[in-house]
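The following explanation is intended for a reader who meets this structure for the first time. Please keep the sequence and the model in view while reading.

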Amino acid sequence: MRIVSFIGQKGGVGKSTLARVLAVAAARQKHKVLIGDFDLEQLTCVEWSALRMRHGIEPEIEARAFKSLKKLRKTVSGYDLVVVDTRGLADELTEDVSQESDVVFLPTGTSLDDLRPTLALARRLAKTRSVSNKIVLVLSKTGRSQRLIEQAESMIFDAGFDMLNAVWPERDGFQLDLDAGRAGSESSNPHLRLTALDIEQAFLKLAMGT
Ligand SMILES: Nc1ncnc2c1ncn2[C@@H]1O[C@H](COP(=O)(O)OP(=O)(O)OP(=O)(O)O)[C@@H](O)[C@H]1O
Ligand SMILES: [Mg+2]
């Protein structure tokens, strides 16, 4: 059983979305997946899972709300992968979740406004030795400018952190898919399906440790 988490200091950077993209990718590979939703105010993944069920979308992605790690620990047996989604605010739980995880993904936009707090959080988490080698930044909701992506990549590289070797591009179609209970390579748009496969493969490789 593997646990991977999506954490961050910023709201709206794609944590819940990428948690769903990874969960879908793993479930499509027949892994038994659970999303642990720790954002009790929004319950983005729980709501999305229910929407998916209402629309009869297969495979079913189980998502459950959790308040504490203790509860999660009691639940995880029997799953191949537990994907943890957290609030858009780094708190005590962020550190506990990070320690419990095999991989800790920090989604960030390419702007300095996003990168600065994300790198600060990464540095803070990296002070814990058992966490430092699990941190992976993910460029999320990227625009069409390759130059901005490259600038962000070199800033992350200079800070000494690992980065996912695929980005999650911002597209209206991805938003429409999420609103219909789909994610990533389930897109109704064939071009977006291909786009999503890149990041799914990169995620799966790290998440499943293969
Ligand atoms: N690639 C994309 N293209 C377009 N819209 C996207 C994309 N990814 C995510 N979104 C949209 O961006 C918004 C924020 O995404 P998401 O909810 O995943 O962020 P979050 O980091 O979980 O936010 P919060 O901190 O509030 O939990 C959502 O409305 C989502 O539908
Ligand atoms: Mg969220």
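This is a predicted model: local features need pLDDT of at least 70, side-chain atom pairs count only at pLDDT 80 or more; totals for chains, interfaces and linings use all residues.

Residues are numbered from 1 along each chain as its sequence is written, chains are lettered from A and ligands numbered from 1 in the order in which they are written, and side-chain values use heavy atoms, with hydrogens and water left out.

Ligand 1 is surrounded by 19 residues, a residue being counted if one of its heavy atoms lies within 4 Å of the ligand. The closest of them are K15, S16, T17, K141 and P169. By class, the shell consists of five nonpolar, eight polar and six charged residues; here Ala, Val, Leu, Ile, Met, Phe, Trp, Tyr, Cys and Pro count as nonpolar, Asp, Glu, Lys and Arg as charged, and the others, Gly among them, as polar. At least two shell residues come from each of helix 1 (15-28), strand 8 (168-169) and helix 8 (172-179); helices (H or I, at least four residues) and strands (E, at least two) are DSSP runs, numbered from the N terminus.

Several atoms of the protein approach oxygen atoms of ligand 1. An N or O atom in the side chain of S16 lies 2.8 Å from one ligand oxygen atom, and for the side chain of Q42 the distance is also 2.8 Å. At G14, a backbone N or O atom is 3.0 Å from an oxygen atom of ligand 1.

Elsewhere, the side chains of K10 and D114 form a salt bridge at 3.3 Å, N to O, the term denoting a side-chain nitrogen of Lys or Arg within 4 Å of a carboxyl oxygen of Asp or Glu. This pair joins distant parts of the chain, 104 residues apart: K10 belongs to the loop between strand 1 (2-6) and helix 1, and D114 to helix 5 (residues 112-126).

Two backbone features remain. The peptide bond from E58 to P59 is cis, with omega near -5°. K30, although not a glycine, has a positive phi of about 70°.

Note on methods: A polar contact is a pair of N or O atoms within 3.5 Å; within protein, one must be able to donate a hydrogen and the other to accept it, and residues adjacent in sequence count only if both atoms are side-chain atoms.
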